[in-house]
Amino acid sequence: MSGGLQGKVAFITGVARGQGRAHALRLARDGADIIGLDSCTDIGSINYPNATEADLAETVRLVEALDRRIVVSRADVRDYAAVTAAFAKGFAEFGRVDIVIANAGVLRLGPESDDFLADWNDVIDTNLTGVFHTVRAALPAMREAGRGGSIVLTSSSAGLKGLESIAASSMAYAAAKRGLVALMQTLAKVLGPEWIRVNTVHPTGVRSGMTQNPVAEAMMAAAAAGRKTEVSNAVNVLPITMLEPEDVANAVAFLVSDEGRPITGVQFPVDAGFAVR
């Protein structure tokens, strides 16, 4: 444990698996305690399973094995009251918040469902409005403390380049991830004088529940066979097919650390060069 975040507290959404868990473990290794939430409930329009209560319990076990404290809740970021309650539960335990990582996100893979409006709304409500809910829940306490802080919004390479699909969920995903850039820039401008730094990270494909499921694997196999899919042109410059969650967590750990002190308002690609394709 480096101890660089000793005594600090991070509020992380989507903490049960994937990038959210990787953020929790990396920041815990650096000394932070964690307030975490995850819905642990599937969404009807999303055609792969969300994390489970067992996944959330495993995140707790792994953080506690690092001798750090963690308070978790089951909460859907689409529900502002639930997010606020989850944050309040952790804040009551720790009495502070220094870092916010708005990470929870979803995407329907492949063709639209029969209800394309649900496809659109579930992604916008999770990936854009859910991020707003997350920041809004924690920001008053961060500002009132007067110690500054760091907020990182998980965008995507799709937030820089869009996706090659007009399916409602895919368009909503790109629109939400690009919308996070505007949200980030606004927050960075307003909060900078208070030493609250705000940045977005833009990963390329990451090994997670969104990419490790039968639907995603079928799409990748079809693309490899030369058929047109959403991932046909998702080629990185570096010879990396898929990032590990820890790759993104390492970048976020830098942004929220003292070494990242002069960085705010930045769209930070963690994409193996995908953005320059």
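**View 1. How exposed is Phe116?** A residue counts as buried under 20% relative accessible area, exposed over 50%, and partly exposed in between (1.4 Å probe, protein chains only). Phe116 has a relative accessible area of 45%, so Phe116 is partly exposed. This is a predicted model, where local features need pLDDT of at least 70, side-chain atom pairs count only at pLDDT 80 or more, and totals for chains, interfaces and linings use all residues. Numbering starts from 1 along each chain as its sequence is written, and side-chain values use heavy atoms, with hydrogens and water left out. Phe116 sits in helix α4 (residues 116-145); helices here are DSSP runs of H or I with at least four residues, strands are runs of E with at least two, and both are numbered from the N terminus.

**View 2. The seven-stranded sheet.** Seven strands make an open, parallel sheet, in the order β3-β2-β1-β4-β5-β6-β7; two strands pair if DSSP finds at least two bridges between them. β3 (70-74) and β7 (267-270) are the edge strands with a single partner each, so one side of each has no neighbour in the sheet.

**View 3. Zooming in on β4 and β5.** Strand β4 (residues 99-102) pairs with strand β5 (residues 149-154) in the parallel sense, over four bridges. Look for Ile101: its bridge partner in β5 is Val152.

**View 4. A helix on the sheet.** Helix α8 (residues 245-256) packs on the sheet and touches β4, β5, β6 (196-203) and β7, with contact meaning heavy atoms within 4.5 Å.

Notes
Axes are lines fitted to C-alpha atoms, for helices over the stretch in contact, and angles run from 0 to 180 degrees between N-to-C directions.
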